[in-house]
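Please look over the sequence and the structure below before reading the report.

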Amino acid sequence: MFEYEMATARRADLIREAELFRMANEAKKARAASSRGQESERPVRAHRNLFTRAA
């Protein structure tokens, strides 16, 4: 019976650890996606002086 309780506790720990790992990966992906969006705007601003003014 003691081994069963230990296995159940270990399983619960592994499930919690896996959930934390998934949440950390999702946060990394979200941060990368948001930084990619910001980076895509920077080159447009940097190249603004390459074009001549029309008026």
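The report covers the overall fold, the surface and the salt bridges.

## Overall fold

This is a predicted model. The protein chain has one helix and zero strands. Helix 1 takes in residues 2-46, in a chain of 55 residues.

## Surface

Buried residues account for 0% of the 55 residues in the protein chain. A residue would need a relative accessible area under 20% to be called buried.

The protein chain exposes about 5700 Å².

## Salt bridges

The structure contains two salt bridges. One of them joins Arg16 to Asp13, with the closest N and O atoms 2.8 Å apart. Arg16 and Asp13 both lie in helix 1, three residues apart, so about one helical turn separates them. Asp13 has a relative accessible area of 36% and is therefore partly exposed.

A salt bridge also links the side chains of Arg22 and Glu19, at 2.8 Å from N to O. Arg22 and Glu19 are likewise three residues apart in helix 1, so the separation between them is about one helical turn. Arg22 is partly exposed, at a relative accessible area of 45%. Glu19 is partly exposed too, and its relative accessible area is 38%. These values for Arg22 and Glu19 fall in the range between the 20% limit for buried and the 50% limit for exposed.

Definitions and conventions: Residues numbered from 1 in each chain as written. Predicted model: local features only at pLDDT ≥ 70, side-chain atom pairs only at ≥ 80, totals over all residues. Heavy atoms only, no water. Helix = DSSP H or I, 4+ residues; strand = E, 2+ residues; numbered from the N terminus. Buried < 20%, exposed > 50% of the residue type's maximum accessible area, 1.4 Å probe, protein only. Areas by Shrake-Rupley, 256 points an atom, 1.4 Å probe, with all protein chains shown as cover. Salt bridge = Lys/Arg side-chain N within 4 Å of Asp/Glu carboxyl O.
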